[in-house]
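My plan is to go through the chains and their contacts in turn and write down what I look up.

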Amino acid sequence: MKAGIALLLALIWLPLAGYVMFRPALGALAPYLLLPSIPAVILLYGIAVRSWRESRVAVFGVTLVCFWLLMAVTAPYLPLLDPNKPIAPFVAPGGIKHGVLFLLGSDMRGRDVLSRTLWGCQRVLVWGITATSVAYVVGAGFGLIAGYLGGWWDEFVSFAGNVLLSFPVMLLFILVLNLLGQSGFNIIIAVTCSSAPVIMRIVRGLALDARSRDYILAAQTRGEHPLWIMWVELLPNVRGPLIIDACLRLGYTTVAITTLTFLGLGLQPPDPDWGLMIKEAATAALLWKYSYMLIVPAVSVSSLILGFNLIADGTREMSLRD
Amino acid sequence: MSVAPLLECKNLSISYAGRAGDVPAVVGFNLTLKPGEAHGLVGESGCGKSSIALAVMRYLGRAGRVVAGQILFRGRDVLAMNDAEMRRVRGGAIAMIYQEPMASLNPSMTIGEQLIEVPRYHEGVGHRDAALRARAMLDRVQMADATRIMHSYPHQISGGQQQRIVIAMALLSNPQLLLLDEPTTALDVTVEAGIVDLIRRISAEFGTSMLYISHNLGLVRETCDRITVMYCGEAVESGPIADVFRGARHPYTRGLFASNPSPAADKNSRPLRSIPGQLPSPRARPPGCLFGPRCEFFAVDRCDAQPVPIAPIAGSGDHSSRCLRVDEIAWDAAPAAISSRAAAVFGEVALQVNALTKRFGSVSANDGLSFEARRGETVAIVGESGCGKSTFAKILMGLLQANSGSVQLAGLELSRLPVTRRNPQTIRALQMIFQNPFDTLNPSHSIGSQIARVIRKLGVQRDAAKVREQVLELLDLVKLPRDFAARRPRQLSGGQKQRVGVARAFAGRPDVVVADEPLSALDVSVQAAVSELLIDIQRRERTTLLFISHDLSVVRYLADRVVVMYLGQIMEQGSTEQVFAPPYHPYTEALLAAVPIADQHYTKRKVLLSGEIPSASNPPVGCRFCTRCAYRIPGTCDRLAPPLQQVAPDHQIACHLPREQLAAMRPVFEEVTP
């Protein structure tokens with residue numbers, strides 16, 4: 001069951017990440033890459049709804065997130081207009097211009113808002129999930145070391161974490177992206193610098209509590225290696241609070257990435273991205289008539305974040321019930 | 001003439017809402033508590049005894065509710081009271097004392113403030129008068145140094161003192177009824193004895209009625225007038241203490257007594273008899289008598305036909321039992337003989353400890369420990385919290401390093417060899433059983449994989465099929481079904497988890513097993529089963545067992561030799577018979593006297609220790625026990641370290657008292673001649 005879910009997640013995330021990060025390099029293969037991900041998303045949704053059916057909150061959250069996942073993997077196959085092609089500017093939602101229907105209108109450069117929104121979720125999802133995962137690997141690793149080994153390790157890791165945390169988040173982002181250059185991979189580094197110390201603290205606290213448990217002593221008294229104890233004995237027992245935090249953190253990261261793009265620091269145009277759409281629409285939307293350009297991507301980003309947060313809430317609710 | 005009862009439960013039933021419908025916790029419970037009476041409620045975990053107390057206070061929480069019956073306090077239905085009335089009753093007319101005193105005290109207020117609050121809130125007394133009353137109450141609960149205590153915060157005083165404060169706080173509102181839910185379970189035995197003595201005096205002095213909830217039959221015998229034994233949410237037997245303890249009239253009560261290590265039990269000639277089987281799940285209650293499936297007197301088509309009512313026993317006054325066959329069973333006949341064991345033969349010395357010392361900064365946790373354990377022998381290390389017994393276990397296991405002295409296992413020096421530098425042979429030879437069954441297994445892995453890991457790690461077997469075979473054999477050894485290998489720890493009961501802990505410890509066929517309080521968290525009938533299991537495996541494997549415990553009744557039963565520790569030093573050591581009979585070290589005498597005895601055939605001499613266990617960071621000069629010793633010789637005991645007296649071959653006492661005085665001590669327990 002667990003292996004199956006891991007396989008599904010890999011089946012969704014690997015092609016999607018490959019598609020978003022390395023599309024030019026993929027060449028002729030690119031159009032077919034996302035095909036296996038479509039049934040995977042549907043299957044994952046089915047499993048999640050079944051196992052979380054007791055929490056309406058979690059089901060609603062998972063519905064939102066899976067909707068955007070589905071949009072991300074099906075975008076290349078949907079009958080959408082080219083998201084980057086200017087056709088007719090300032091068409092109101094539902095309007096027809098040059099014989100083309102703009103369901104959610106077009107932006108000031110004449111690109112289809114619907115198409116840009118659906119394509120745009122790819123970038124947010126891929127960079128958001130990747131950055132959060134990297135932050136988790138780094139944060140949890142150092143957290144386990146600090147919490148389990150203690151002593152000098154704890155001092156050093158905690159100090160380094162506190163130094164990073166002393167920077168205001170935005171300042172840290174700006175610093176990293178200006179020093180290293182603006183790219184998706186540097187966003188991952190920036191998110192890791194800001195999130196990993198927090199994750200480290202959470203894991204450290206959980207590991208500190210768990211390391212005096214008898215089952216850890218039992219492992220020590222049979223001469224297990226510290227790395228084995230951290231990985232096999234400690235990590236599985238701290239995962240509960242971590243899963244909840246991970247869902248919340250996916251939300252924060254989405255906000256952060258969108259904000260960075262909005263500030264012009266993150267992912268670069270012309271590829272569609274929600275933060276970019278909001279930024280571009282910000283001036284036009286001063287007129288009420290054109291506010292749809294702003295509302296559509298803003299609602300989209302909110303619904304995705306809400307989805308992650310509701311999953312976190314639902315998981316917590318269910319863990320308290322046992 | 002009959003007095004109006006203070007508290008009555010009539011046909012009380014309590015259920016908790018679960019995911020798959022309601023789970024009954026208490027069914028058809030009846031109780032009549034007269035003014036000034038102390039009633040003991042005894043049963044194993046999950047039998048519903050705490051739910052009753054919570055229901056009386058209407059503290060059941062959101063999930064729990066009373067589904068049937070009444071609770072009458074002074075004739076008024078508690079369940080029908082409005083919130084204002086209920087507030088007056090709670091803390092005013094009824095006070096409750098819980099197991100964990102620290103949880104009942106506000107950590108951010110001084111003791112004085114918290115005590116003063118009670119009369120001010122309940123009676124509107126002025127601050128000055130309230131303070132005077134609080135002071136007076138501290139004297140009545142025998143708190144020494146009341147002025148300092150009044151200005152202390154809860155964390156600055158010991159657990160025993162905290163519980164006295166909680167009791168003082170309860171008494172300040174002059175309650176008519178005290179609900180005590182395991183009030184001494186978290187305390188050390190000698191501290192417990194003091195609290196029990198206090199509780200007994202309260203009912204005599206204040207005339208307060210008490211509902212005393214406990215899993216310990218001996219404690220109830222010493223504090224209560226009447227007893228109700230509960231099983232699976234039902235009262236199975238109820239009556240005056242003397243009647244029930246002299247002649248239990250329900251197979252479950254009898255089973256409880258038989259699994260209690262009384263002074264008469266002996267692991268070779270009179271082993272404990274545990275109750276077969278397990279508590280049924282509250283969702284799958286057996287038909288008819290709930291105890292039926294575990295009962296040796298079970299009659300098919302009678303006991304399982306319909307629910308058994310609790311009924312008075314003919315010609316007994318007010319002793320009642322929930323047993324259909326109460327008139328048929330020969331209650332006084334000796335229980336069917338169970339196989340006795342031959343006495344163990346001990347081999348060569350397996351473990352030699354010499355002048356072992358461990359300091360943490362200024363705290364000397366172990367100070368010059370010397371003793372030895374032979375092959376196949378059970379050596380108990382006894383003492384209260386802070387005596388250094390767990391530190392010793394950690395040094396032995398290589399989790400801590402000693403400062404000086406030696407520990408030799410088969411000639412190999414271990415005292416400064418951390419586990420990471422020990423060779424696989426040594427690690428295999430020395431294994432441990434842990435205290436907390438809920439902590440001993442990793443909740444994330446299956447039982448089978450955890451045992452298999454030990455087998456592979458200790459190099460017993462490497463081939464996958466053989467490892468699997470050995471896991472199953474180990475499960476057989478600890479009498480668990482083989483399909484438990486695929487289960488998770490959360491699917492097991494406490495006793496079953498502890499059996500897995502035993503299996504894991506014996507997986508590498510060790511020479512020495514350290515058992516750190518392996519039974520203290522288990523219910524008494526489960527305790528008996530696990531101790532029998534431990535003895536059987538030990539006999540078969542000829543393992544040396546170092547049994548660390550604070551429970552002297554279990555120690556008397558299990559151990560061949562006993563080492564008594566106090567504040568890091570050995571006070572007395574000798575064979576079990578020698579230590580449990582005079583001459584005693586004064587501390588041993590007090591420890592023995594603190595053990596509650598459930599057996600009506602024994603009387604106990606009262607020895608109460610004064611004061612608290614001193615801090616290990618600032619131990620008393622001279623004899624470490626001198627601050628609490630009743631026999632203290634001023635000028636000697638508080639200045640010079642006590643000499644080690646060899647009172648018999650293999651029996652040592654570290655004490656200043658002259659030989660003759662030690663020899664003249666009377667036994668703590670004496671058998672009552674009928």
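I count two strands as paired if DSSP finds at least two bridges between them. The model is a predicted one.

**Entry 1: an open sheet in chain B.** I looked up the strand order first. Four strands form an open sheet, ordered β2-β1-β4-β5 in chain B, with antiparallel pairing. I then asked why β2 and β5 of chain B each have one side without a neighbour in the sheet. Both stand at the edges, β2 as residues 21-33 and β5 as 76-77, and each has a single partner strand, so one side of each is left without a neighbour there. Next I checked what packs on this sheet.

Strand β4 of chain B, residues 64-73, pairs with β5(B) over two bridges, in the antiparallel sense. There, L72(B) stands opposite D77(B) of β5(B).

**Entry 2: strand β3 of chain B.** Is β3(B) mostly covered or mostly open? It is mostly covered: this strand spans residues 38-42, and five of its five residues are buried. Side chains in a regular strand alternate between the two faces of the sheet. I therefore looked at each face, citing the general rule again. On one side of β3(B) I find A38(B), G40(B) and V42(B), on the other H39(B) and L41(B), and all are buried.

Strand β8 of chain B, residues 209-214, pairs with β3(B) in the parallel sense over five bridges. Strand β9 of chain B, residues 226-231, also runs parallel to β3(B), joined by four bridges. V42(B) stands opposite S214(B) in β8(B) and opposite V229(B) in β9(B).

**Entry 3: where the chains meet.** I counted contacts between the chains. 21 residues of chain B are in contact with 13 residues of chain A. On the chain B side, β18 (430-433) and α14 (447-457) are the elements that give two or more residues. By class, that side has ten nonpolar, seven polar and four charged residues.

**Entry 4: chain A overall.** I find twelve helices and two strands in chain A. Along the sequence the pattern reads α-α-α-α-β-β-α-α-α-α-α-α-α-α. The C-alpha atoms fill a box of roughly 75 × 45 × 40 Å along the principal axes. Buried residues make up 41% of the 322 in chain A.

Key: Residues numbered from 1 in each chain as written. Chains lettered and ligands numbered in written order. Predicted model: local features only at pLDDT ≥ 70, side-chain atom pairs only at ≥ 80, totals over all residues. Contact = placed C-beta atoms within 7 Å. Nonpolar A, V, L, I, M, F, W, Y, C, P; charged D, E, K, R; others polar. Buried ≥ 20, exposed ≤ 12 C-beta atoms within 10 Å, placed from the backbone.
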